[in-house]
Amino acid sequence: MIRVKNLHKSFGSNEVLKGIDLEVHESDVVVLIGASGSGKSTFLRCLNFLEIEDEGEIYIEDQLIQPKSTPLNKVREKVGMVFQHFHLFPHKTVLENIIEAPVKVKKIPKKQAETEALALLKKVGLAEKANVYPYSLSGGQKQRAAIARSLAMHPKVMLFDEPTSALDPELVGEVLTVMKTLAQEGMTMIVVTHEMSFAREVADWVAFMDQGKIIEIGPPQQIFEDPQEARTKEFLSRVR
């Protein structure tokens, strides 16, 4: 589904990504862990072309994406992204937020988009919130609405960039439950998170990033119970 070869990205003199290689197959759930500043979020933003790599190749469904010639909005229809902060339009209802892109970008008829949006809101447990404005939602509800908004574009892959880190602790579970459901349904997902229990339970693969590189990757049991790299062991000893 996604193949990354030798990805590099710098901001000025600061090289944030230093040769990332990764393959993600259909229905894989890959969780990226690592300390803040290790390059995890920048890597996700490169996969959605919110940041453009300096060097390397990104293939999506075996197509090499070339930012200067590939229509990136078409790519983003396939690769949905959920951010740490929710980025809902405050002047639109929850339903209007969700149908905005399907109607304007994919030209889906409004009635069809609304029907699909209501089904998605039911899926994420917000059926009764369709006609309210974001200011009246809790943080967890806003994030679930943001997930529904991304799903409305029928993406092939979902990227989650620390989707629970801005939430009060008691609201984290409701967002993780939605993500677990998506994983069980076979959605291909790449997740940056500090929720180690989620990584243990849901991931097919856990990749540990440090200083712009993937240091170690493997099944959750291997990474958490028998990490091979000293840096992985050091990080996990601090977060368990």
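Glu 77 and Lys 74 are separated by about one helical turn, because they sit three residues apart in helix α2 (residues 72-78); helices (H or I, at least four residues) and strands (E, at least two) are DSSP runs, numbered from the N terminus. Their side chains meet in a salt bridge with an N to O distance of 4.0 Å, a salt bridge being a side-chain nitrogen of Lys or Arg within 4 Å of a carboxyl oxygen of Asp or Glu. The model is predicted, so local features need pLDDT of at least 70 and side-chain atom pairs count only at pLDDT 80 or more, while totals for chains, interfaces and linings use all residues. Residues are numbered from 1 along each chain as its sequence is written, and side-chain values use heavy atoms, with hydrogens and water left out.

**Salt bridges**

- Glu 77 counts as buried at 13% relative accessibility, whereas Lys 74 is exposed at 53%; buried means under 20% relative accessible area, exposed over 50%, and partly exposed in between (1.4 Å probe, protein chains only).
- Over the whole structure, a search finds 15 salt bridges.
- In helix α9 (residues 230-239), Glu 234 and Arg 231 are three residues apart, about one helical turn, and their side chains form a salt bridge at 3.6 Å, N to O.
- Glu 234 also forms a salt bridge with Arg 238, with the closest N and O atoms 2.9 Å apart; these two residues are four apart in α9, again about one turn.
- An α-helix has 3.6 residues a turn, so residues three or four places apart point the same way.
- Glu 234 is partly exposed at 34% relative accessibility, as is Arg 231 at 25%, while Arg 238 is exposed at 63%.
- A network of salt bridges links Asp 210, Arg 231, Glu 234 and Arg 238.

**A buried charge**

- Glu 114, in helix α4 (residues 110-123), is buried yet has no salt bridge.
- The nearest side chain of opposite charge to Glu 114 is Lys 111, 4.0 Å away; Lys and Arg count as positive and Asp and Glu as negative, with His and the chain ends not counted.
- Leaving aside residues up to four places away in sequence, Glu 114 touches Leu 95 and Ile 99, contact meaning heavy atoms within 4.5 Å.

**The open sheet**

- Six strands form an open sheet with mixed pairing, in the order β6-β7-β8-β3-β9-β10; two strands pair if DSSP finds at least two bridges between them.
- The edge strands, each pairing on one side only, are β6 (79-82) and β10 (213-218).
- Five bridges join β7 (residues 157-161) to β8 (residues 188-192) in the parallel sense, and Leu 159 has Ile 190 in β8 as its bridge partner.
- β3 runs parallel to β8, joined by four bridges, and also parallel to β9 (residues 205-210), again by four bridges.
- Leu 32 has Val 192 in β8 as its bridge partner, and Val 31 stands opposite Val 206 in β9.
- From β3, Val 29, Val 31 and Ile 33 point one way and Val 30 and Leu 32 the other, and all are buried.

**Helix α1 and the record**

- Six of the eight residues of helix α1 (residues 40-47) are buried, including Lys 40, Phe 43 and Cys 46.
- Just after α1, Phe 49 takes a positive phi of about 60°.
- An unreviewed UniProt entry lists residues 2-236 as "domain: ABC transporter"; UniProt positions are given in the numbering used here, feature names are shortened, and annotations may be inferred rather than shown by experiment.
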